[in-house]
Amino acid sequence: MKALEGVRILDFTHVQSGPTCTQLLAWFGADVIKVERPGVGDITRTQLRDIPDVDSLYFTMLNGNKRSMTLDTKSEGGKAILERLIKACDVLVENFAPGAIDRMGFPWEKIQELNPRMIYASVKGFGPGPYEDCKVYENVAQCTGGSASTTGFDDGPPLVTGSQIGDSGTGLHLGLGIVTALYHREKTGRGQRVLAAMQDGVLNLARVKLRDQQRLAHGPLKEYPQYPNGTFTDECPRAGNASGGGQPGWAVKTKGGGANDYIYVIIQPPGWAVYMKLCGREELIDDPEWATPEARLPKLDQCFALIEEWTKTKDKFEVMEILNERNVPCGPILSMKELAEEPSLRATGTVVEVDHPTRGKYLTVGQPIKLSDSPAEVGPSPLLGEHTDEILGDVLGLSEDEIEATWASGALGQKASAAAE
């Protein structure tokens with residue numbers, strides 16, 4: 001049995017943050033009904049297309065295992081169908097601009113009235129406050145949540161990260177909120193609002209930097225590369241590739257000289273002797289100028305330069321093997337090409353090949369959260385409106401004649417458009 005089997009999600013999400021959340025729930029077995037605008041659908045169906053006239057990877061990789069129906073929520077017939085869907089579903093998820101669902105005529109109060117057990121979950125850019133009506137996208141969230149100001153090198157500009165911590169990170173937070181609200185409903189019988197603000201989600205992921213901001217009041221951050229020769233202000237600085245934890249770390253070059261021929265190494269106290277033996281500098285193991293963390297902190301750049309002289313003689317996988325045999329933590333810088341081709345990730349279902357009816361085979365990220373009794377089966381994304389008739393029949397109980405009448409009313413858009421897509 002799937003972990004969320006029997007849970008029905010009314011999915012009004014688009015682009016990335018919301019679809020990340022609902023796809024995770026779909027992988028866990030929830031019946032996710034993606035409601036899309038007739039003839040158009042989720043905007044990402046056509047964004048960044050690499051093959052003409054088929055759904056983009058942007059869309060397919062965020063909407064697997066869902067059912068799609070078209071609905072004109074501006075029409076009276078569409079509103080009537082939406083009322084019935086709200087009564088038939090457990091969770092409504094949306095990531096529209098602030099107030100969009102209200103303007104459809106379905107504020108939280110009406111949703112509660114229609115279905116007191118409904119959980120109404122939203123991604124927004126900001127929580128209550130001066131910016132709550134502002135629209136937010138991925139990089140805006142990274143900037144307003146503290147990530148960009150603490151990413152990059154000290155002598156360069158703030159940087160956003162390639163990881164989608166604003167969109168997908170907030171989708172993960174929202175998914176946890178939904179599952180928590182479902183558990184609460186089991187005990188109380190009541191639904192509730194769930195809000196995941198992108199600024200809040202990014203700040204949560206950047207919490208170690210909020211930690212360091214407070215540590216600044218008590219002196220310089222000794223594990224940062226600015227110590228001891230640089231300067232600290234009253235703001236948490238950018239730290240380049242410093243570890244962000246209690247142990248110094250850095251990305252050092254390896255054999256090959258390519259863009260990703262690097263490995264990230266960490267100098268923990270037990271590992272210093274290992275490194276120096278590998279580097280042929282055993283005299284530094286007990287040298288008081290190098291032997292302790294306190295002695296090494298003022299010259300971490302020299303420490304990593306010593307290690308890099310050795311790592312440049314090996315490729316990154318050789319270095320990883322040698323260090324792991326000696327219980328020294330490290331991590332090669334893996335490119336997307338290397339990750340896509342890694343057999344172990346295919347074996348665990350972290351990278352999955354999916355067969356799509358119009359696109360053909362493509363790779364996607366599978367369920368990152370593994371349950372022992374509820375394995376995830378990753379399927380393709382739906383075509384626009386592919387399941388409209390099916391949802392009207394098995395969810396709302398409409399007869400074939402009623403389904404045809406609903407199409408004729410215009411509540412679902414034009415049937416030919418839905419079928420063509």
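In strand E8, Tyr-264 is the bridge partner of Ala-251. The model described here is predicted. The pair belongs to the contact between E7 and strand E8 (residues 262–266), which pair in the antiparallel sense over 5 bridges.

**The E7-E8-E9 sheet**

These strands form an open sheet of 3 strands in the order E7-E8-E9, with antiparallel pairing. E7 and strand E9 (330–332) are the edge strands, each pairing on one side only. From one strand to the next, the twist averages 20 degrees. In general, strands of a sheet pair through backbone hydrogen bonds, either parallel or antiparallel.

Two helices lie across this sheet. Helix H12 (residues 300–311) lies across E7 and E8, while helix H13 (residues 316–325) lies across E8 and E9. The angle of H12 to E7 is about 35 degrees, and that of H13 to E9 is about 160 degrees.

| Strand paired with E1 | Sense | Bridges | Example pair |
|---|---|---|---|
| E2 (residues 31–36) | parallel | 4 bridges | Ile-9 and Val-32 |

Helix H1 is mostly covered, with 11 of its 11 residues buried. Among them are Ser-17, Gly-18, Pro-19, Cys-21 and Trp-27. Just after H1, Gly-29 takes a positive phi of about 110 degrees.

**Cysteines**

How many disulfides does a search of the whole structure find? The search finds 0 disulfides. Cys-279 is in no disulfide, and the nearest cysteine sulfur, that of Cys-303, is 10 Å away. Cys-303 is likewise in no disulfide, and its nearest cysteine sulfur is that of Cys-279, 10 Å away. In general, a disulfide is a covalent bond between the sulfur atoms of two cysteines. Cys-303 counts as buried because its relative accessibility is 0%, and buried means under 20%.

**Two other positions**

Is Asn-229 buried or exposed? Asn-229 is exposed, because its relative accessible area is 73% and the cut-off for exposed is over 50%. This residue is in the loop between helix H9 (207–215) and strand E7 (249–253). Asn-229 and Arg-49 are 180 residues apart along the chain, and their C-alpha atoms are separated by 49 Å.

Leu-203 is found in helix H8 (residues 198–205). With a relative accessibility of 40%, Leu-203 counts as partly exposed. Along the chain, Leu-203 and Asn-327 are 124 residues apart, and 32 Å separates their C-alpha atoms.

Conventions
Residues numbered from 1 in each chain as written. Predicted model: local features only at pLDDT ≥ 70, side-chain atom pairs only at ≥ 80, totals over all residues. Heavy atoms only, no water. Buried < 20%, exposed > 50% of the residue type's maximum accessible area, 1.4 Å probe, protein only. Disulfide = S-S within 2.5 Å. Pairing = 2+ DSSP bridges. Axes fitted to C-alpha atoms, helices over the stretch in contact; angles between N-to-C directions. Contact = heavy atoms within 4.5 Å.
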